[in-house]
Amino acid sequence: MKLQRKNRVRALAVGALAVSGALALTACGSDDTSGGGSAGAAKTSNIKCDGKGKLLASGSSAQKNAMDVWVQAYAGACKGTEINYQPTGSGAGVTTFLQGQTAFAGSDSALKPEEIAKSKKVCKGGQAIDMPMVGGPIAVGYNVPGVDNLVLDAPTLAKIFDAKITKWNDPAIKKLNPGAKLPDLKVQAFHRSDDSGTTDNFTKYLKGAAPGDWKHEPAKKWEGAGGQAASGSAGVSSQVKQTSGAISYFELSYATAGKIPTAKLNTGAKEPVDATVDNASKAISEAKQVGKGDDLALKLNYTSKAEGAYPITLVTYEIACDKGNKAETLPATKSFLTYAASKDGQAALKALGYAPLPTEIADKVRATVAKLS
């Protein structure tokens, strides 16, 4: 079982976010999904089990590694409940939830007003709400021979990904990296070919921090000019690793696993900011709640100049009904989400490259989960 665990960790690190299909996890089989290290040793003594049978959920693939660890810990404590989370993507997860097929959904983007209105047909007497559960940095990985300490800023990134900067020795990049030996090498910008919550969040950053240079509206579907496409974070990170002159955006775990250097961001702070879990948490702590009532949808501050705040971040929400959840799934849904939002559940994330929720936000999520009915 230990060997299986180590093999599973390696698989998760290099691209399990791209894997689709059901995750029918039982108490013994779930050992294979352990995150290893502190995540693999996630505390289970404080998990309060409630509900029996199978709990179906689907959505965000960006949170799949987190879900694997949570499910492993929960299944170990709650023998009578089986969690089945399918990483089908944010859009597909929301659609399935709104059709009443799952107990909750995971999405890297908050619900749209029309989706909330539609949810009232499923949530009898209530509506769907967004509960932030997973945070993390979106790294900008690059492959530029001879350059291992690259600094970029929002306007320059916008021009790179909109095919307005085409060479690595462009004056704008030189200005940000006066001591670097930048080659006369073509920029190979890669973006996601699939509809992606990571793309949505990355383009929200470009639009929010460099509106004069990024004219496209943020979306899950790539709208920028030029560039090359690859499927999933595993696809774009693989292209960066093997292509000279390449650059792309993906979850930090892919950069770490692939030993891909990541750009620091010149945000206007005294020092350029690294893409790290702690720096992403600092940025998320500046987020403002824009959802109404128990809807905890957040608006991130993409123009923060706070020291050590990395602004290209992603927040994944768990989506459930505030009222009107199905009686047969409500107890297990509350029990599982209570654990995910708990201090133990959040502490298990850091070893996987995710950013635990800031205390103020986590407290609100816990209170909201407790009220689900």
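Buried means under 20% relative accessible area, exposed over 50%, and partly exposed in between, with a 1.4 Å probe and protein chains only.

The model is predicted, so to speak of local features we need pLDDT of at least 70, side-chain atom pairs count only at pLDDT 80 or more, and totals for chains, interfaces and linings use all residues. Residues are numbered from 1 along each chain as its sequence is written, and side-chain values use heavy atoms, with hydrogens and water left out.

On to the disulfides, meaning pairs of cysteine sulfur atoms within 2.5 Å. Searching the whole structure gives two of them. Counting bonded cysteines along the chain, the pattern is 1-2, 3-4.

Take Cys-49 and Cys-78, with sulfur atoms 2.0 Å apart. The link is left-handed, at -85° about the S-S bond. Cys-49 sits in the loop between helix H2 (37-40) and strand E2 (53-59), and Cys-78 in the loop between helix H3 (64-77) and strand E3 (81-86), so the bond ties together parts 29 residues apart in sequence. Helices (H or I, at least four residues) and strands (E, at least two) are DSSP runs numbered from the N terminus. Cys-49 is partly exposed at 36% relative accessible area, while Cys-78 is buried at 2%.

Now the other pair. Cys-123 is bonded to Cys-321, S to S 2.0 Å. Its S-S torsion is about -70°, so this disulfide is left-handed. Cys-123 lies in the loop between helix H5 (113-119) and strand E5 (128-143), and Cys-321 in strand E13 (residues 313-321), which puts the linked parts 198 residues apart. Both Cys-123 and Cys-321 are buried.
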